[in-house]
Amino acid sequence: MSTSDDPRRVHFQSPEYLVDRLDAIADLFDKDRTDLLVEAIREYIEDTADNETFQELVATKYYDDQLEFETVKQLVGAETAQRLRLLKADLEDEPLGLAAPDDVDVYEGDVTTVDAAADDDR
């Protein structure tokens, strides 16, 4: 996706009453219809990107490898995307596999052992 501010022509159809209302607002503010549409789209995208439910959806799809990082960046912004990338990397890491310390009695002598073979017989 491009981050360029260069204009791109977009063609879409809209109900006539919406176009009429948009034109009336444009006339009232002495603005161009296109300027109002771009402003409305920008505000919608910013509001959506800040929405917690939307961010959770993006995160879930990113963690499930359904979205690429660049797409995530476009959807939620660079800072949030970077945070999601770090969390994803952390989730994908293998456990450290550290052994329990030998010099500390974390159970203070009250050790209970479990016989795994006995549990399998049930």
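Mentor: We will go from the overall layout to helices, loops and charged pairs. Keep in mind that this is a predicted model.

Trainee: How many helices and strands does the protein have?

Mentor: The protein has 6 helices and 0 strands. Read from the N terminus on, the elements run α-α-α-α-α-α.

Trainee: What share of the 122 residues is buried?

Mentor: Buried residues make up 13% of the 122 residues. The accessible surface comes to about 11,100 Å², and carbon and sulfur atoms account for 50% of that surface. For contacts, take those between residues at least 6 apart in sequence: 27% of them join residues at least 24 apart.

Trainee: Which residues of helix 2 are buried, and what do they pack against?

Mentor: L36, T48 and A49 are buried in helix 2. The buried residues of helix 2 pack against helix 1, helix 3 and helix 4.

Trainee: Which residue caps the N-terminal end of helix 2?

Mentor: D32 does, with a side-chain oxygen 3.0 Å from the backbone nitrogen of T34.

Trainee: Now helix 3. What do its length and its cap look like?

Mentor: The check on length is the one used before. The N-terminal end of helix 3 is capped by N51, which places a side-chain oxygen 2.8 Å from the backbone nitrogen of T53.

Trainee: How do I judge which way the buried residues of a helix point?

Mentor: An α-helix has 3.6 residues a turn, so residues three or four places apart point the same way. In helix 3 the buried residues are V58, A59 and Y62. They cover an arc of only 100° around the axis, so they sit on the same side of helix 3. The elements that cover these buried residues include helix 4 and helix 5.

Trainee: What should I look for in the backbone of the loops?

Mentor: Start with phi. Most residues other than glycine have a negative phi, and most peptide bonds are trans. D30 is not a glycine, yet its phi is positive, about 55°. D30 lies in the loop between helix 1 and helix 2 and is exposed, with a relative accessible area of 71%.

Trainee: Where does D65 lie, and what is its phi?

Mentor: D65 lies in the loop between helix 3 and helix 4. D65 also is not a glycine and has a positive phi of about 60°.

Trainee: Next, the charged pairs. How many salt bridges are there?

Mentor: Side chains of opposite charge can pair when their charged atoms come close. The cut-off is a Lys or Arg side-chain nitrogen within 4 Å of an Asp or Glu carboxyl oxygen. By this rule the count is 4 salt bridges.

Trainee: Which residue forms a salt bridge with R33?

Mentor: D23 does, and the closest N and O atoms are 2.7 Å apart. R33 lies in helix 2 (residues 33-50) and D23 in helix 1 (residues 16-29), so the pair ties together parts 10 residues apart in sequence. R33 is partly exposed, with a relative accessible area of 38%, and D23 is partly exposed at 24%.

Trainee: What about E39 and K31?

Mentor: Their side chains meet in a salt bridge, at 3.5 Å from N to O. E39 is partly exposed at 32% relative accessible area, and K31 is partly exposed at 41%.

Trainee: Which residue does D65 meet in a salt bridge?

Mentor: D65 meets K88, at 2.5 Å from N to O. The pair links distant parts of the chain, with D65 in the loop between helix 3 (52-63) and helix 4 (69-76) and K88 in helix 5 (residues 78-92), 23 residues apart.

Trainee: Are D65 and K88 buried or exposed?

Mentor: D65 counts as exposed at 56% relative accessibility, whereas K88 counts as buried at 10%. The cut-offs behind these words are under 20% for buried and over 50% for exposed.

Conventions: Residues numbered from 1 in each chain as written. Predicted model: local features only at pLDDT ≥ 70, side-chain atom pairs only at ≥ 80, totals over all residues. Heavy atoms only, no water. Helix = DSSP H or I, 4+ residues; strand = E, 2+ residues; numbered from the N terminus. Buried < 20%, exposed > 50% of the residue type's maximum accessible area, 1.4 Å probe, protein only. Arc of directions from axis to C-beta. Contact = heavy atoms within 4.5 Å. Polar contact = N/O pair within 3.5 Å; in protein donor to acceptor, adjacent residues only side chain to side chain. Areas by Shrake-Rupley, 256 points an atom, 1.4 Å probe, with all protein chains shown as cover.
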